[in-house]
Every structure is written in C-alpha cells, then in structure tokens.
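Please open the structure in your viewer and keep the selection panel at hand.

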Amino acid sequence: MNKQEADVLNVLAEKPFVNQRTLAEESGRSLGIINKSLKNLKEEGYLTDDSKLTAKAKHLIKERKPQRAVILAAGFGMRMVPINLTTPKALLEVKGERLIERLIRQLNEVGITDITVVAGFMMDEFEYLIDDFGIDLVINKEYAGKNNLHSVWHVSEKPGNIYVVPCDIWCEENPFRKTELTSWYMMADAENPDSDVRVNRKEQIVRDKNGQHMIGISYLLEKDWQRVASRIRELDANPRYDTFFWEEALFDQGKSRMSIPARVVSPDAVIEVNTYEQLRDLDSGSGHLSSVAIDIIADIFKVEPREITDITMLKKGMTNRSFLFNAKGGKYIMRIPGEGTDKMINRKEEAEVFRAISGLGFCDDPVYINPDNGFKITKFLEGVRSCDPESEADLKKCMRKLRSFHEMKLKVPHTFDLQKQIEFYESLWKGTPSIYRDYKKTKEGIFELKDYIDKQPKEWGLTHIDAVPDNFLFYQRNGKEELQLTDWEYSGMQDTHVDLAMFSIYSMYTKDQIDRLIDIYFEGKCAPAVRTKIYCYVATCGMLWSNWCEYKRQLGVEFGEYSLRQYRYAKEFYRYAKERMKDE
C-alpha cells in the first residue's frame, strides 16, 4: 500500500464513502488518484465493491493505530528571548491555553493517553502535568549541552506506534488522527531559507539547500520506530551529534533522503511559536508577552511594545543572554544576565567601571544600565568581528589597545581579588565536592603561589579581567577600522598583567603561544620575574574559571573542553612557575 492509498483508506476509516469528489476533498488527492487508489485497494482486498472496509482493512487499521506520543520540551527555547527567562516555551499561553496542554488534549481526543513529556530547562514547572493530565515525565539533565536528539534517546527503548511532537507548535485543528496507516514526517508547503530539506515530487523528504519548513511532528509505525530508535542510540553515543536535532536519525547513514515520506500541510495548519514576535502575532493578548526587558526598552525609547521589532537572539554567552532589537530606526543589543549571574557579579561595581571609562574610547557608553539587575542596552555595531587569537596582526592591535588602557591606571572603589573569587565560586557549590579528584592538592598549590605574587612589583590599576579575544571588537566607523573592548562586568582594581593570563587561558593557548603573547604585549622586553608572575596568574586564573565552570555545571550549563582546560592550566602552570622560581 502506497502513501496515496493509505490517505484514502484513512479517510474511509473515519467517514463512509459518499462519492469520489468528496473523498478527494477529504484526502487532499486529485480525482485521478482517488479513482486509481480505490481500484487498487479493492484489488488488494482492503475495500469491498461498494468501497466499505473489509476485515483485512480493519485488522491493518488496528495494527497500525497510534499507541503513544512523546512531546519534546527540554530545551531553553533561546529564540523566545526575553520571555524564556521565566517561562519554558512549552508553557507559553496562546489564546487562553498553554501550548503543551493543547497538544496533550488534542492527543487525548484521538484516544492517545500514553504520553511522555521530556523536560529539562525549568523541569520543575512541568511536574503538574503528571497529576492534571496523567503524563509520564522524563528528565533530560543534559539539555544545556545537547540538542533534542538526546531527548529522544531517553525514550528510545519504549515500543509502539508513536507520535514524536515538538512542544512549540499551535494547531487550530487537531493534527493527530485515530487512524494512521503509514509513517510520515510533517512538512509545511512553504519555503524556508533556514531549512536544508524539501519534499520532492514523490513526496520524499530530501536534503536540499532550497528548503521547506519542517514542522517537527512525526508518526512512526513500530517497525520504523525501532529502526529510528536504534539510529538515535548510535548517534547519541557520538559527541559529534550533541548539537543535532533528532530528525538526523530519519536519514539512513550516508543517505540524503529520509526513510519515511512527507505529510505536507498548508503553512497555516501548524504555527510554530519560536520567537517573541511570533507569539505576539499569533496572540497579541497572551499574558506571557509581559516582559521586564520589553518594558524597559519601551520606556527608554518611549515606544509601544509592538514598535520593538526584529527581536533576534544572539549566540548565548558564557555569562549572559543577549538579543538584538530595532527601536526608532536604530539597532541595539539588550543584555540579560544568565543563570546564577546575580551571585557572581556585582552590578553596582560594573556601573562604577562604566563611569570610570566613559568617554575614553574603550567602548560605547551604554544607552541604559541597571546597577540592580544587570540589564543593559548598547548600540549595535555593524560589521563587527572579534579578535582572531591566531592572527599575529590582530594580537598586536589588541595588545596595543590593552596596554593603552592599562597605562591610564584608572581607579574604581573595588578590587577583583583572585584568591577570594576562587573561594567564593567554590562556596557556591554548597558542599558539593569538585569533579576533580586532586582538587584539594591543586588548590593548595595555587594558593602557595600567592606568596611569590605578593612579593613582585605590580602595575596596579583598573583591570578588565575578562580581556579575552571575543571581547575585542573590530568594526568600521566612517570608513576606518576601530577597536573596542566590551563586557566589563568583572572589571576591578588588580595587577593589570592579569589580563594577559585571562586572554591566554580563554584562547586555550599552549605555553609557547602564551610566551608569544607576553612578548607582543611587552614588545620583547618582559623581565623574567614578570613572566614568572604571569605564569602564576595563568595557574591562578585557570583555577578560578574552573571553579566558575563547576558552579555553572550545577546549574545545567556545560562548557566541555573549556572547563577541563582551565583546570589543566592550574596544574601545569603551577609547575612551570615553580620551576622558574628555582632559577631566579
């Protein structure tokens, strides 16, 4: 039985045959296909001469009947910024009903009560669904570092004919059916430049740069589900696929075509709610449109919320979330502090730093900064690029900029104390032991270096602290290349040479590369004791950011190799520094 015949039999399973024209309207097939499909279904024994279901057809319908569903709701929903800070995307309210609750009710309407929800971000918010709707709740603890392929992995051992459903869709009409005779993946009959798949004339889904919109709902018969689930487990075991969507498993290895056909619907049949503006367009009265960030923008620019447009998520930073927006013809960036940031950064001190550097050309002054919660608005720089840590030319320009900043010896009332910060980040673990077995010994070694550091001359002044390649921004202004330093939230009084250590460890430089950076900064005139001191800073800062990563890890935010490398800097540069001290 082909897909066309299955569509016809699906309709006849729910409504008795009236005439071919009605059947064509109900199935979305042409009269020619209806005529041919009816003939084949009768020849194959699925229909009687008067187009009624036979026992064979009823057995097939029962065998392939939908049995269960999984709803994928683990992700951050980062594109929903700024409202994803307080509400998981699945729980957004549209026309008086939460997205996930509507999906569950629509599944219930077609007889599906075996429903699993895979949650991750703000997982506790989903607990009520267990009692109110009788769902099973599965937790994906690695939602921060892995895409939804890992969510499907969590349910890959469960058998049965299954719907796989994203949590961020809203359907006016029920997209699920009591009768399903074939596996399928839902596609919208609309172009999407961000998609790399399309539906060909044979209703196959193939990889193609001229893509169509992928809805995300899929139905898999048991035999297809077992094959796909096996592929899911295979891919999930390979870290290369950590960022992949589960749909990758629908493509057989080495093939450019999905193993199941398309179910094509009109663009209006299923509405994806991926962004703040999509929610606003779908339901301007949604209670979840209320946002502190949007209210701030509206107040600062004296505009209505609907006049704030082109809201676009920027790449999630290690500390903050930021998004672009347009207001009054200008383009700006709103920074929103990330998870646990309020415990790590003193926003009043950050505001003091901006007062100290205001008008000096190191960065554009903020349009708005709130010293209580860390919300900040800055102008968007067109054509910006960050420093390439492998480029000699970039390094020379950045070190020259950094040195000019250091030479000003600016002052603020607060200090960034490295050892105290190490202790502070450790205190945020709340008694949880380090993931590193020799942490205690490594920490003792790092604190031992303080005696040497304290005896060395220091270039005391305002220090950026987070002077890493990503925070050196090259951009064009009036046809000339300019360079700025951004992200001053950790800045404070310290030995300015700490900035060299921070640049190095973020870039994950080797020892030779660190020595080269030092030579560029000092123009080949770095005293041996100063180099040793910077080695001590590399070790100390490695321990500091390793502890920071461990705290973020407890919040569900993983940094992978970066975290491990910071701990290695602590151990290795402790040894390098101690060896140099013997020769001094």
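A disulfide is taken here as a pair of cysteine sulfur atoms within 2.5 Å. By that criterion, a search of the whole structure finds 0 disulfides. Select cysteine 398 to begin with: this residue is in no disulfide, and the nearest cysteine sulfur, which belongs to cysteine 387, is 3.6 Å away. Cysteine 398 has a relative accessibility of 0% and therefore counts as buried, where buried means under 20% relative accessible area, exposed means over 50%, and partly exposed lies in between, with a 1.4 Å probe and protein chains only. Cysteine 549, the next selection, is also in no disulfide, its nearest cysteine sulfur being that of cysteine 541 at 13 Å; cysteine 549 is buried as well, with a relative accessible area of 3%.

This is a predicted model, in which local features need pLDDT of at least 70 and side-chain atom pairs count only at pLDDT 80 or more, while totals for chains, interfaces and linings use all residues. Residues are numbered from 1 along each chain as its sequence is written, and side-chain values use heavy atoms, with hydrogens and water left out.

Now turn to the backbone. Most residues other than glycine have a negative phi. Select aspartate 310, whose phi is positive, near 50°; aspartate 310 lies in strand 14, residues 309–313 (strands are DSSP runs of E, at least two residues, and helices are runs of H or I, at least four, numbered from the N terminus). At 44% relative accessibility, aspartate 310 is partly exposed.

Finally, select isoleucine 465, in the loop between strand 20 (460–463) and strand 21 (472–477). Isoleucine 465 is not a glycine, yet has a positive phi of about 75°, and with a relative accessible area of 0% isoleucine 465 is buried.
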